[in-house]
Amino acid sequence: MPLRQAATAAGLVTGYVADAVFGDPRRWHPVAGFGRAAQALEQRVWADSKVKGAAYTAACAGTVTGLGVAAQFVTRKRPFARFALTAAATWVVLGGRGLAAEGTRMARLLDDGDLPGARQRLSHLCARDATGLDTEQLARATTESIAENTSDAVVAPLLWGAVAGIPGLLGYRALNTLDAMVGYRSPKYANFGWASARADDLANLLPSRVGAALTVASAPLAGGFAKPAFRTWRRDGKHHPSPNAGQVEAAFAGALGVRLGGTNSYGGRTEQRGVLGDGREPEPVDVRRAVRLSRAVGLAALAVAVAVTR
């Protein structure tokens, strides 16, 4: 492996370990800083227009990607600097430890029967309206969020880092953050957030399917079976409104032997989603199994990323 490739691969591994050990930076998190800057720009330029929304997306994601390109260029003959910057960028953009921690907190609250606490805590994982959700519904929402975010916050950034280095890491996280901020199908963002949502969909087309395949391979590590995981993925992955989230959610449903999908509420807007899997309703124990499966998929994704690093 050429020295620059080796530096990038070593940086991905080191950044992954840093996220697993330390989690997100406690102060001055660059992703949070990007979000604040993007929000400030949105307040100045928002309009009910796809064109202006596309310009906003290009300005935000393009600036961050450009910084990554510059970092990649200045380290082209400095392998240690390439390694250090890749490691730092990987640590910043990954969210595996935080995702596992939130899943574990939710499982603990559900085990304790603390439904008010669990409903409030769900907002740390997704934007779903938790009012009135019971234990099984909260377990389902948590399991779905763990599955989707395993792809978005672990698999996809690792793969983009492998094939595009620092610009891939930073550019992907910028698009994913913009999608979370303005990509909702609400009256305010239907047009302005259209470009952010579609760009994020494109960026996740391949990673989500790699994530689903790795979920199938990792199913036995969470007490599941690869065959039903594969069957459910191929049969039900397309039944989700998102072209990507349904892939990993369906694979998780089959791997865990549970049924996901159904009716979800987001800020007064109700979505009727397809059913993923034909098992039982998720229980708190399945949330812990989902966390274990997410960690296994993350490790498998790291191995794939190192193998395909350019």
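Trainee: Let's start with Trp28: buried or exposed?

Mentor: Trp28 counts as exposed, because its relative accessibility is 74%. Buried means under 20% relative accessible area, exposed means over 50%, and partly exposed is in between (1.4 Å probe, protein chains only).

Trainee: Before we go on, what kind of model is this?

Mentor: This is a predicted model, where local features need pLDDT of at least 70 and side-chain atom pairs count only at pLDDT 80 or more, while totals for chains, interfaces and linings use all residues. Residues are numbered from 1 along each chain as its sequence is written, and side-chain values use heavy atoms, with hydrogens and water left out.

Trainee: Thanks! Back to Trp28, where is its place?

Mentor: You'll find Trp28 in the loop that runs between helix 1 (3–22) and helix 2. Helices here are DSSP runs (H or I, at least four residues), numbered from the N terminus.

Trainee: OK, new topic. How do the axes of helix 2 and helix 7 cross?

Mentor: Helix 2 covers residues 30–45 and helix 7 covers residues 135–182; their axes come within 10 Å and cross at roughly 55 degrees. The axes are lines fitted to C-alpha atoms over the stretch in contact, with angles from 0 to 180 degrees between N-to-C directions.

Trainee: Which residues in helix 2 meet helix 7?

Mentor: From helix 2 they are Val31, Phe34, Gly35, Ala38, Gln39 and Glu42. On the helix 7 side, they meet Arg173, Ala174, Thr177, Leu178, Met181 and Val182. Contact means heavy atoms within 4.5 Å.

Trainee: How many of them are nonpolar, polar and charged?

Mentor: The contact of helix 2 with helix 7 has 7 nonpolar, 3 polar and 2 charged residues. Ala, Val, Leu, Ile, Met, Phe, Trp, Tyr, Cys and Pro count as nonpolar, Asp, Glu, Lys and Arg as charged, and the others, Gly among them, as polar.

Trainee: What about helix 10 and helix 11, at what angle do their axes cross?

Mentor: Roughly 120 degrees, with the axes of helix 10 (residues 245–256) and helix 11 (residues 284–308) coming within 11 Å.

Trainee: Let's switch to rings. How many aromatic pairs are there?

Mentor: The count comes to 5 aromatic pairs. Phe80 and Phe83 form a tilted pair, because their ring centres are 5.8 Å apart and their planes are at 45 degrees. Rings of Phe, Tyr and Trp (its six-membered ring) pair if their centres lie within 6.5 Å; planes under 30 degrees apart count as stacked, over 60 as edge-to-face and the rest as tilted.

Trainee: Where do Phe80 and Phe83 lie?

Mentor: Both lie in helix 4 (residues 79–93), 3 residues apart, which is about one turn of the helix. Phe80 is exposed at 64% relative accessibility, while Phe83 is partly exposed at 23%.

Trainee: And what kind of pair do Phe230 and Trp233 make?

Mentor: An edge-to-face one: the centres of Phe230 and Trp233 are 5.8 Å apart and the planes are at 85 degrees. These two are 3 residues apart in helix 9 (residues 226–236), so about one helical turn separates them. Phe230 is partly exposed at 44% relative accessibility, and Trp233 is buried with a relative accessible area of 10%.

Trainee: Which residues do ring pairs link into a cluster?

Mentor: Trp46, Tyr56 and Phe192 are linked that way.

Trainee: Last one, the serines. What is Ser151 in contact with?

Mentor: Leaving aside neighbours within four places in sequence, Ser151 is in contact with Ala156, Pro157, Pro207, Ser208 and Val248. Ser151 lies in helix 7 and is buried, with a relative accessible area of 3%. Ser145 also has its place in helix 7, and counts as buried at 4% relative accessibility. With residues up to four places away in sequence not counted, Ser145 touches Leu99, Leu125 and Cys126.
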